[in-house]
Structures are given as structure tokens and as C-alpha cells.
Amino acid sequence: MRTLSIMLVAVLLLVAPARAATPLDYTRTTLEQARVIVAGSQTHNEKLAALSTLFSKFLDTDEMGREALGPHWSSFTPDQQQEFLGLFRELLQRTYVQKLLLFENPNFVYAGEQSTGAGAVVDTKIVTPRDQFDVTYRLKPEGDTWMATSITVEDVSLTANLGSQLNDLLSRMSVDDVLTLMRRKYGNASGEAQS
């Protein structure tokens with residue numbers, strides 16, 4: 001009976017899900033994969049596509065989009081909100097990914113992790129042969145992974161920066177006009193957000 005109990009415990013340990021990575025470990029894994037892509041020999045467009053795929057599993061662009069719209073969110077219909085989130089995802093990924101591709105041989109330094117109760121903050125640095133930039137990620141748990149809900153580069157929030165631009169547009173244009181503009185810049189020929 002004792003042997004059976006030991007075998008049962010051993011089997012349960014083997015089939016139990018692996019413990020989720022810490023926010024710092026998950027961020028490190030994602031950024032190291034990004035570093036390999038940036039340093040690779042693919043074309044610029046191939047790197048953009050690979051980085052966009054990688055960061056689609058790391059960036060919670062829906063939460064960032066709602067935050068960027070702030071009080072304007074309620075002036076969008078549910079259909080407009082969904083379209084906006086798809087276009088915003090493309091905008092944010094392009095903005096973040098394009099900035100990452102500007103760095104020559106980037107290395108990442110992982111300065112630390114702080115728990116925030118419902119999530120965590122991970123402090124990193126992008127280090128290049130000529131400069132370094134502080135980058136902070138605010139993360140929330142998502143199953144066995146972590147999703148970044150905010151990115152701050154040198155104390156400037158990407159979400160707040162894009163939100164300021166959207167606020168300026170929405171003070172001069174209608175919601176439909178802003179969506180049309182975003183469609184032209186970040187959507188395909190049919191007007192749907194590119195994936």
C-alpha cells in the first residue's frame with residue numbers, strides 16, 4: 001500500500017502543470033527571444049512579422065487601448081470599440097516593434113521585479129554599444145503567463161503618449177473620422193485591422 005501511495009504521488013507530480021514563470025522570468029524570456037529576432041539575418045519585414053507575433057502574446061493591447069481612449073471609450077459604440085482595439089493593437093505593436101528594431105545589437109539588463117498585489121512591475125534596460133534606455137513593464141497574470149498592460153520608456157508611457165495623440169484627434173474629429181484615419185494607416189484594403 002505504501003509503494004502504491006508513493007507511486008501515486010510521483011505520477012501526480014509528473015502530470016501537475018509546471019509552475020508559472022515569475023514576471024521577471026517571463027519578461028526575460030520574451031525579450032531574449034526578441035533580441036535573437038532583431039540580431040537575425042531575416043529581412044526587415046520578416047523581423048517585424050516575427051516580433052509582432054512574439055509580442056501579441058506579451059502585450060495586452062486591449063487594456064492599453066481602453067486606457068489610451070480614457071473617457072472617450074464610452075463615446076464609441078460596441079462595434080467601434082472592437083474595431084478600435086484591433087487597429088490600436090496594430091498601432092501599438094508597430095510603434096513598439098519599430099522602436100526595438102532601431103536598436104543596434106540590443107542587450108537587455110533586468111534590474112528587478114516588484115509585486116503590486118494584483119500584478120508586478122519589471123524594470124529593464126535596453127543597452128546598445130552607444131546608449132542605454134530604462135524600460136518598465138507593468139504586468140498582470142494571465143493563466144500561466146504574464147501580460148504587459150503598460151510600457152514606460154525613459155519615464156514616458158507609450159499608452160499615455162498614444163492616448164494624448166488620440167485625445168487631440170478626438171477633440172477635432174468624429175469617432176468615425178478617427179477610425180477611418182486609423183484604418184488607412186493600420187488596416188488592410190478591406191478596412192479590417194491587419195493581424
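**Close-up views of a predicted model**

**Figure 1. Helices H2 and H3 pack against each other.** The axes of helix H2 (residues 23-39) and helix H3 (residues 44-56) come within 10 Å of each other and cross at roughly 175°. Angles over 145 degrees count as roughly antiparallel, and H2 and H3 are therefore roughly antiparallel to each other. On the H2 side, the contact is made by Thr30, Leu31, Gln33, Ala34, Ile37 and Val38. On the H3 side, Lys47, Ala50, Leu51, Leu54 and Phe55 take part. The residues of this contact of H2 with H3 divide into eight nonpolar, two polar and one charged. As in every view in this set, the coordinates shown belong to a predicted model.

**Figure 2. Thr30 in helix H2 and its surroundings.** Thr30 lies in helix H2 and belongs to the residues through which H2 contacts H3. Is Thr30 buried or exposed? Its relative accessible area is 5%, below the 20% limit, so Thr30 is buried. Leaving aside neighbours within four places in sequence, Thr30 is in contact with Leu54, Phe55 and Phe58. Of these, Leu54 and Phe55 are among the H3 residues of the contact between H2 and H3.

**Figure 3. Lys47 in helix H3 and its surroundings.** Lys47 has its place in helix H3 and is one of the H3 residues in contact with H2. With 14% relative accessibility, Lys47 counts as buried. Which residues does Lys47 contact, leaving aside its neighbours within four places in sequence? They are Ile37, Val38, Gly40, Gln42 and Leu101. The C-alpha atoms of Lys47 and Ile37 are separated by 6.2 Å, and the two residues are 10 residues apart along the chain.

**Figure 4. Helices H5 and H7 cross obliquely.** The axes of helix H5 (residues 78-102) and helix H7 (residues 175-186) come within 10 Å and cross at roughly 40°. That angle makes H5 oblique to H7. The crossing of H5 and H7 is left-handed. H5 contributes Gln80, Glu83, Phe84, Leu87, Phe88, Glu90, Leu91 and Arg94 to the contact. From H7 come Val175, Asp176, Leu179, Met182, Arg183, Lys185 and Tyr186. The residues of the contact of H5 with H7 divide into eight nonpolar, one polar and six charged.

**Figure 5. Five strands form an open sheet.** The order of the strands is S1-S2-S3-S4-S5, and the pairing is antiparallel. Which strands stand at the edges of the sheet? Strand S1 (107-115) and strand S5 (156-157) do, each with a single partner strand, so one side of each is left without a neighbour in the sheet. Strands of a sheet pair through backbone hydrogen bonds, either parallel or antiparallel.

**Figure 6. Strands S2 and S3 form a hairpin.** Strand S2 (residues 120-127) and strand S3 (residues 132-142) run antiparallel and are joined by eight bridges. Four residues lie between S2 and S3 in this hairpin. Two positions illustrate the pairing: Ile126 stands opposite Phe133 in S3, and Ala120 has Leu139 in S3 as its bridge partner.

Figure 7. Thr124 lies in strand S2. At 2% relative accessibility, Thr124 counts as buried. Not counting residues up to four places away in sequence, Thr124 touches Thr27, Leu31, Val109, Tyr110, Ala111, Phe133, Asp134, Val135 and Tyr137. Phe133, another residue touched by Thr124, stands opposite Ile126.

Figure 8. S3 and strand S4 (residues 145-153) pair in the antiparallel sense over eight bridges. In S4, Val153 is the bridge partner of Val135, a residue that Thr124 touches. The hairpin of S3 and S4 has two residues between the strands, and in it Gly143 takes a positive phi near 65°.

**Figure 9. The views in the context of the chain.** The chain has seven helices and five strands. From the N terminus on, its elements run α-α-α-α-α-β-β-β-β-β-α-α. Buried residues make up 38% of the 195 residues in the chain. Among contacts between residues at least 6 apart in sequence, 55% join residues at least 24 apart.

Key: Residues numbered from 1 in each chain as written. Predicted model: local features only at pLDDT ≥ 70, side-chain atom pairs only at ≥ 80, totals over all residues. Heavy atoms only, no water. Axes fitted to C-alpha atoms, helices over the stretch in contact; angles between N-to-C directions. Parallel < 35°, antiparallel > 145°, perpendicular 65-115°, else oblique. Contact = heavy atoms within 4.5 Å. Nonpolar A, V, L, I, M, F, W, Y, C, P; charged D, E, K, R; others polar. Left-handed = near helix turned anticlockwise from the far one by under 90°. Buried < 20%, exposed > 50% of the residue type's maximum accessible area, 1.4 Å probe, protein only. Pairing = 2+ DSSP bridges.
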